[in-house]
There are 2 protein chains.
Amino acid sequence: MKTLQSTPRRDGFRMPGEFEPHRGCWMIWPQRPDNWRFGAKPAQEAFTEVAKAISRFEPVTMCVDRQQYDNARQMLPENIRVVEMSNNDAWMRDCGPTFVTNGKEIRGVDWSFNAWGGLVDGLYFPWDEDDRVAGKVCDLERADRYRLRDFVLEGGSIHVDGQGTLIVTEECLLSPGRNPQLNREQIESVLREYLNVDRIIWLPKGIYQDETNGHVDNLLQFAGPGHVLLAWTQDRADPQYEICQEALSILEKERDAKGRPFTITKLLLPANVRITKEESRGVDRVEGTLPRQAGDRLAASYANFYIANGGVVFPLFNDPNDEKAKEVLEKAFPGREVVGVYAREILLGGGNIHCITQQQPLVSQG
Amino acid sequence: MKTLQSTPRRDGFRMPGEFEPHRGCWMIWPQRPDNWRFGAKPAQEAFTEVAKAISRFEPVTMCVDRQQYDNARQMLPENIRVVEMSNNDAWMRDCGPTFVTNGKEIRGVDWSFNAWGGLVDGLYFPWDEDDRVAGKVCDLERADRYRLRDFVLEGGSIHVDGQGTLIVTEECLLSPGRNPQLNREQIESVLREYLNVDRIIWLPKGIYQDETNGHVDNLLQFAGPGHVLLAWTQDRADPQYEICQEALSILEKERDAKGRPFTITKLLLPANVRITKEESRGVDRVEGTLPRQAGDRLAASYANFYIANGGVVFPLFNDPNDEKAKEVLEKAFPGREVVGVYAREILLGGGNIHCITQQQPLVSQG
């Protein structure tokens, strides 16, 4: 694995849209007992269901810490590849590489990772193993990488259409725990170089009380170029209402990199989800790790889904809107099979299906 | 990775000769301080030199424990792939998969590994991580495997010509620490099934005082079908003399699976190599691990070389016979570049270049 000194833009590499063809999907096995209740056993079952659902459409690789290797290898079906990889937690979207391609070769962008805010408001300490994950994935795939030692970013805080457009949130990218030494223009210039985008759309906030400082991937997702699925609520009493209205109003006025207006499809949120007393009791209390307290509101959103080759895997919350979300997704992705996976256990750990997955684009050489 | 219930023979898979084309070479990074002196730092330098030499000819993957990952990644050149893999020690020949192929697909034979003798005369305890290595390598390469839970074997104890012939030693395969419940015929029948060979040649012993119970790969190597390079000494006072004479006399009378007699080329051994006081002092003393004592004779042999695509990488001992070995190898491998690597540090750990490498055959699909 070469560590390149150039940038994807200069080398003619771009980040494809998630809806473009994949070589496969990467995940990390959950295990830390101070984030996942009951020794992560319920979360491991949920991750297994997600991996199984995605593996119906494309190859899945699960990265597993040495301690959990045997258990993961036995819980996961044989068609899922299991590789040993140390980690601090299980969010491959955020610590994994952002793959870029020129159509013939893939490379990884290996951002600096600091657990969503480092010593300012990071969610656990340390995060050194997570920060190595992107490089290890690239090395394993024989892909060269661009390594940004001084620029913090998570894959869940960016969404691209693969045609020059990027959507981010100010809440996240301008947060004091990431790159406080850089202003908005300086951050934009890094994003233009490393994602090879031309038009960057800033929304103010992500989902209410999202512990990632409002990752865009919990708020919306591209269904394709020019088409955005936006999390939505009609409840004016909910703080989320204002956030959704603002995002809609900006997106309605914006144009993408090709000058197109956006088609915006609303994806109704589930009713508020809160941690129960029993769920909270199953989580180890560790200083330096975000506690999981009974009554805490979780940032549940159907927008946090994964687009696979010929499929869409989205979270179910056992909510009346589950069925509505499925209908919206089926309409938005006419060529794909839409599969729901009950995701409460993933949500309890602070994210959802999109957060725990990372696509690897397909290129002609494989 | 599927674990297959059939056998390579039944499925039409065979183990190719090492001289056939490779997809690449696998190694493990040394680190245990009770086997490698001075915290394994000198050994790590030697392994790096071997990896660099082989990587001139074919891709090399180095498997590294989490604790040594950063150091290995920085010591090794960028063109060598580094993947995280727990291990007990660094002998990929012996704990890695024995790859078999039908020309289109590769599969791994995942023998049971017990550190060269288990509780009878094994060299360290435990060996559980080493026993997982073959399966992890197969999974990583998306290769299915045959897993033998009840049959102990190391890759260094077998040599094949890829055309139905296998050479082994009685000292090793009939040792009490491996498969004492099986007699010679039963062992032969396992080897026939899993290596897909028809003719098995038993030599009595390997190199004198070889701690592996006389692995054949330290005594001889195939240069090609029908051509064997045999370690040799002219010193009648050396216990090794009798061993070489016996091996020669058997090989001279034998025929290979195709009915051919063997061409036998002698490869003069270096002068006896013994552990120095200073070398011994650098090794941690741990109960259950073979001690490295000053004055111990080491099983130095030029036969312990690796055949790469277009190359041969062989051990140097700073001995007058180094140059003679090079000449013999150049003559035996006319199409390949013969590269020597100073290997005393590998030898101090109990093996040599062939022991720390494992080839992956090239197949049409990669």
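**View 1. An open four-stranded sheet in chain A of the predicted model.** The strand order is β4-β3-β2-β19 in chain A. The pairing is mixed. Strands β4 (81-84) and β19 (358-361) of chain A stand at the edges. Each of these two has a single partner strand, so one of its sides is left without a neighbour in the sheet. On average, neighbouring strands of the sheet are turned by 25° against each other, direction ignored. Strands of a sheet pair through backbone hydrogen bonds, either parallel or antiparallel.

**View 2. The pairing of β2 and β19 in chain A.** Strand β2 (residues 22-28) of chain A runs antiparallel to β19(A). Four bridges join the two strands. Within this pairing, A:G24 stands opposite A:Q360 of β19(A).

**View 3. Helix α2 of chain A on the sheet.** Helix α2 covers residues 41-55 of chain A and packs on the sheet. The strands that α2 touches are β2 and β3 (60-64) of chain A. The direction of α2 makes about 155° with that of β3(A).

**View 4. The contact between chain B and chain A.** Chain B gives 14 residues to the contact, and chain A gives 14 residues. On the side of chain B that touches chain A, β4 (81-84) and α6 (128-140) of chain B are the elements that give two or more residues. The largest share of this side comes from β4(B), with four residues. By residue class, the side of chain B that touches chain A has eight charged, five nonpolar and one polar.

Key. Residues numbered from 1 in each chain as written. Chains lettered and ligands numbered in written order. Predicted model: local features only at pLDDT ≥ 70, side-chain atom pairs only at ≥ 80, totals over all residues. Contact = placed C-beta atoms within 7 Å. Nonpolar A, V, L, I, M, F, W, Y, C, P; charged D, E, K, R; others polar. Pairing = 2+ DSSP bridges. Axes fitted to C-alpha atoms, helices over the stretch in contact; angles between N-to-C directions.
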